[in-house]
Amino acid sequence: MMENNSGVMYKVLWVEDEDKFDSSLKIIARKNYRIQLDRYDNWDDAEKALRNDFHSYSAIILDAYCRIKNAAILKDTFLSYAKGRIDVICGENRSEKPWYVFSEGTMSDFNRTTTNISEGRNSEWGEMLYIKSDTGSYERMFQTILEVASKQPNNVVLFRHRDVFVYLGDERLIDDRARKIMLKVLGALYYPEENIGFEYQGNPLRKVLEYIFRSARKQGLLSPYCFDKEDHVNLTYSSLYLKGGTVNLNGKEHDVEGTIRWGNENDCVFPDNVANIVRGILVYANVDSHTYEIDDGPFKVDESSKDLFFGYVLQLCYVIKWYGEFVKEHPNVKKNQCMQVENVSARILRKSKEKYEGARMIVELDSRGHYHCGDCSIYKGVAERFLGSLVELYGVKEEEYYGYPYSAKIRAVE
């Protein structure tokens, strides 16, 4: 149990038609968590309270099978209806409000309804569903509400930039770590008193750009050659590639030389206005074009630099939204990969074919998902079983495949 020792009393709107939970839960919530439960037995009365005192509530708890109107019959549609009304009221107040379901789960279509209403719910609010009959479920719910309520400014940020956060988070377009960074930097912008010092572990803007580039690779929009063999992002290559520029490979990253680009001469993923923002952020982050590791040293925003920093934060929001919309319009990964134009060849500095015949080597997997032993590509169906193992090469041929000049068969070493 996490007790609220801050001295703050958090007010929570609770819609529940049964009286049997009322007195005991109110006492526990107030005594152990300093949560004041404001209970109503139907949605209409609860909505009036929410509208009249929206900003005083820290969260909302909904029963799944309840009354919409006073003295009306219980409705299976209650949960969907109440969630829709909450969305309307939050929109009118330009702020999100965390909500939770506390129910027996016995209503018809319960699983489908809870799945539908949970779509797009902010992950920062924690677990949504708590079953009344589960031991300790209400305590877990109160603890979650307590943790979320203590970070209430986040909800204003999530609402104001909901068109950004829709693309950030687990099972969404861009890594959840980017979501956490953007929530923190935007929170520092709107609520500086909550984020005194603005100190981060590594440059946060640069990190978010890396997560965007990694997402672009997954979507088939960014060439694997923009990542080295250790899977580090080359930020300079990536930004140039996405703006439709030609990237000259120097052979250091993948033992290949040549050029790569996105599509034809006038094709691009990032148009000039977006590309210029990305370039500006990279310059501000002081990225060395030959550096792949993200610097995780302390990064602090002070009074002299905060205006510039937060200006780039808002521009980064624009980049995320633009990128998200582009992916919506180009959702087919295989079609996107067909736009990757590669004119590359293996570097001259390599072993000859004869030196590979009979050689014993470790089977490796490169950052593009291709199996190989040195300069020899290995058929996936066989190589998967030997990944990381010592094998003997035979049947070596001069047969180029994804930048590897040779192909070979392998067998186990006795």
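**Notes on helix packing and selected residues**

1. Helix α11 (residues 272-284) packs against α12 at an angle of about 140°, and the two axes are 10 Å apart. The model is a predicted one. At that angle α11 is oblique to α12; the cut-off matters here, because only angles over 145 degrees count as roughly antiparallel. The crossing of α11 past α12 is left-handed.

2. Which residues make the contact between α11 and α12? From α11 come Asn-273, Val-274, Ile-277, Val-278, Gly-280, Ile-281 and Tyr-284. From α12 come Leu-308, Phe-309, Tyr-312, Gln-315, Leu-316, Tyr-318, Val-319 and Trp-322. By class, the contact of α11 with α12 has twelve nonpolar residues, three polar and no charged.

3. Helix α12 (residues 306-329) also packs with α9, the axes coming within 11 Å and crossing at roughly 10°. The two helices, α9 and α12, are therefore roughly parallel. On the α9 side the contact is made by Pro-204, Leu-205, Val-208, Leu-209, Ile-212, Ser-215 and Ala-216. On the α12 side it is made by Phe-309, Tyr-312, Val-313, Leu-316, Val-319, Ile-320 and Tyr-323. The residues of this contact of α9 with α12 comprise 13 nonpolar, one polar and no charged.

4. Arg-206, Glu-210 and Phe-213 of α9 meet Leu-235, Ser-238, Ser-239 and Leu-242 of α10. Sorted by class, the contact of α9 with α10 consists of three nonpolar, two polar and two charged residues.

5. Helix α4 (residues 110-118) has buried residues at Phe-110, Thr-113, Thr-114 and Ile-117. Viewed down the axis of α4, these buried residues fall within an arc of 95°, so they line one face of the helix. An α-helix has 3.6 residues a turn, so residues three or four places apart point the same way. The face of α4 turned away from the buried side carries Asn-111 and Thr-115, which are exposed. The cover over the buried residues of α4 includes α3 (78-93), β4 (99-103) and β5 (129-131). Just after α4, Gly-120 has a positive phi of about 80°.

6. Apart from neighbours within four places in sequence, Thr-113 is in contact with Leu-79, Ser-80 and Met-107.

7. Tyr-33 belongs to helix α1 (residues 22-33). With 0% relative accessibility, Tyr-33 counts as buried. Its C-alpha lies 7.4 Å from that of Gln-143, although Tyr-33 and Gln-143 are 110 residues apart in sequence.

8. Arg-34 is not a glycine, yet it has a positive phi of about 55°. Arg-34 sits in the loop between α1 and β2 (35-40), and at 29% relative accessibility Arg-34 counts as partly exposed. Arg-94, also a residue other than glycine, has a positive phi near 55°. Arg-94 is in the loop between α3 and β4, and its relative accessible area of 58% makes Arg-94 exposed.

9. For the chain as a whole, the secondary structure comes to 15 helices and 16 strands. Of the 414 residues in the chain, 49% are buried. Among contacts between residues at least 6 apart in sequence, 69% join residues at least 24 apart.

Conventions
Residues are numbered from 1 along each chain as its sequence is written. This is a predicted model: local features need pLDDT of at least 70, side-chain atom pairs count only at pLDDT 80 or more; totals for chains, interfaces and linings use all residues. Side-chain values use heavy atoms; hydrogens and water are left out. Contact means heavy atoms within 4.5 Å. Helices (H or I, at least four residues) and strands (E, at least two) are DSSP runs, numbered from the N terminus. Ala, Val, Leu, Ile, Met, Phe, Trp, Tyr, Cys and Pro count as nonpolar, Asp, Glu, Lys and Arg as charged, and the others, Gly among them, as polar. Buried means under 20% relative accessible area, exposed over 50%, partly exposed in between (1.4 Å probe, protein chains only). The arc is that of the directions from the helix axis to the C-beta atoms. Axes are lines fitted to C-alpha atoms, for helices over the stretch in contact, and angles run from 0 to 180 degrees between N-to-C directions. Angles under 35 degrees count as roughly parallel, over 145 as roughly antiparallel, 65 to 115 as roughly perpendicular and the rest as oblique. A crossing is left-handed if the near helix is turned anticlockwise from the far one by less than a right angle, and right-handed if clockwise.
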